[in-house]
Amino acid sequence: MNVLILGSGQLARMMALAGVPLGIEVRAVDVSNLKVVNPIDKQVLNIHLETAIEAADAISAEFEHIPEALLEQVNRSGKLMPSIEAIAAGADRVKEKALLDKLNIANCPYVIVDNVAQLDQAVETLGEKLIIKSSRDGYDGYGQWRLSSKDQLPEIKQALAELDLKKVPLVVEKMLNFEREVSLVGVRGKNGQLAFYPLVENLHHQGQLHTCVAPAPAITPALAAQATEIFSALANELNYIGVLAVEFFQMGDTLLVNEIAPRVHNSGHWSIQGADTCQFENHLRAICELPLGSTQVLAPSVMLNVIGCDLPSKEMLSVPRTHLHGYMKTPRAKRKMGHINITGNDYAELGEAMQKLQKWLPESYFPTLNSEAERLLQIK
Ligand code: ATP
Ligand code: MG
């Protein structure tokens, strides 16, 4: 079988790696130049985009910010999964909010702004602690501005003045004081079958995911049910095929949706070691119409992102049950370079392993490691 992925970064690479044992060949499109590449080593393949589209049994995307012309070209093949509407809902926060509201799914209070003067009204409606998000092309905290007091309004308005807000409006959200961030990664097959990984807990630093704990500690059955109900409503509405991720803020007993990602997700990387079938294999299985794989957890896991620095020395592998996944990229500030998966018998064992890893993981690049290790050590 042959799968074509739009986007040629680490998510395409990990899908390609997962496809090898199944004999699924994954090619990728570098969306910056429309060249077809091998996503594992990024070698340009001697195949035209049109030929690759023709040859593919299924086509999918590793990120939602795909140039529209390309997305429409691929859509015409009838092989795109998930659908163009699902990808658009992940790419455009205005569409995403409309979808959530249509399905009565709780999300952050917000207003849509297409003129900087409307920010005063936004402060009246939502309060002065706001997070202002560009409705398109945002990821990893890019395209966001934070307002912590009304006094900063003139400064923020100036920063936003250059943007064409009529074309790309802002979604202005109330800054929530949530207890924690959790996410649900699941998969829906062509026949509507659903499978869920457990809720995981995500720790962000400066708008970027640093640490993911799977399963999230202290999840009540009611909370888990809320998450799967929301996921199912979204996936069924979109007639979704493939892996979908839903990011939540937990406020007491309630989950509010932060955003959805119509693709494999960073908060599912732990599943390579920690689950029976990893998210990458399950995405391929879904879009290739194969039976979905079990999402059962094999061991509590932690995933640590390696961001902005070279990969740590492989000496770190001397810590039992640690696995390094490098993406073969050149370091740049805030760039995701790889991740480390750790498995253990319980959370305390994960905390111990994280403490041992500190020797190879400098605090400047792993600012949450120490506190997360201590927190996990306390969980019975
Ligand atoms: P990513 O690509 O990492 O998912 P993103 O750029 O798509 O990020 P969001 O997920 O919307 O952007 O926001 C990034 C992070 O900023 C969130 O995970 C959360 O920590 C914080 N954040 C976003 N919205 C709010 C909010 N309304 N209140 C408080 N914190 C928020
Ligand atoms: Mg997010």
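H339 counts as buried, because its relative accessibility is 0%; buried here means under 20% relative accessible area, exposed means over 50%, and partly exposed falls in between (1.4 Å probe, protein chains only). H339 sits in strand β17, residues 336–343. Helices (H or I, at least four residues) and strands (E, at least two) are DSSP runs numbered from the N terminus.

The model is a predicted one, in which local features need pLDDT of at least 70 and side-chain atom pairs count only at pLDDT 80 or more, while totals for chains, interfaces and linings use all residues. Residues are numbered from 1 along each chain as its sequence is written, chains are lettered from A and ligands numbered from 1 in the order in which they are written, and side-chain values use heavy atoms, with hydrogens and water left out.

Ligand 1 comes next. Because domain 2 (109–174) and domain 3 (180–377) both give residues to the shell around ligand 1, the ligand lies between them. There are 21 residues around ligand 1, of which K133, D140, G141, E181 and E259 come nearest; a residue is near a molecule or strand if one of its heavy atoms lies within 4 Å of it. Strands β6 (130–134), β7 (144–147), β8 (170–174), β13 (242–251) and β14 (254–261) each supply at least two residues of this shell. By class, the shell has nine charged, seven nonpolar and five polar residues. In this grouping Asp, Glu, Lys and Arg count as charged, Ala, Val, Leu, Ile, Met, Phe, Trp, Tyr, Cys and Pro as nonpolar, and the others, Gly among them, as polar.

Several side chains approach oxygen atoms of the ligand. A polar side-chain atom of E181 lies 2.5 Å from an oxygen atom of ligand 1. For H204, an N or O atom in the side chain is 3.2 Å from a ligand oxygen, and for R93 a polar side-chain atom lies 3.3 Å from one. Taken alone, ligand 1 exposes 610 Å², and the protein buries 93% of that; accessible areas come from the Shrake-Rupley method with a 1.4 Å probe, and for residues only the protein chains shown count as cover.

Away from the ligand, attention turns to the protein interior. In soluble globular proteins, nonpolar side chains tend to be buried together. The largest nonpolar core here has 38 residues, and those with the most contacts inside it are V3, V26, W270, F280 and I287. A nonpolar core is a set of buried Ala, Val, Leu, Ile, Met, Phe, Trp, Tyr and Cys residues joined through side-chain atoms within 4.5 Å. Elements giving two or more residues to this core include β1 (2–6), β2 (25–30), β9 (180–188) and α10 (279–287). Helix α1 gives the most, with six residues. The core draws at least three residues from each of domain 1 (2–80) and domain 3 (180–377).

Helix α10 is mostly covered, with eight of its nine residues buried. Among them are F280, L284 and I287. The helix is followed by E289, whose phi is positive, near 60°. L292 has its place in the loop between α10 and β15 (301–307), and this residue counts as buried because its relative accessibility is 14%.

Some backbone features complete the picture. Most residues other than glycine have a negative phi, and most peptide bonds are trans. A cis peptide bond joins M81 and P82, with omega about -5°, and P82 is found in the loop between α3 (68–75) and α4 (84–91). The peptide bond from A214 to P215 is also cis, with omega near -10°; P215 is in the loop between β12 and α8 (221–237). Q206 has a positive phi, near 50°, and lies in the loop between β11 (200–205) and β12. Q206 counts as exposed because its relative accessibility is 63%. R321 also has a positive phi, near 65°, but counts as partly exposed because its relative accessibility is 34%.

Key
A polar contact is a pair of N or O atoms within 3.5 Å; within protein, one must be able to donate a hydrogen and the other to accept it, and residues adjacent in sequence count only if both atoms are side-chain atoms. Domain bounds come from an automatic or database domain assignment.
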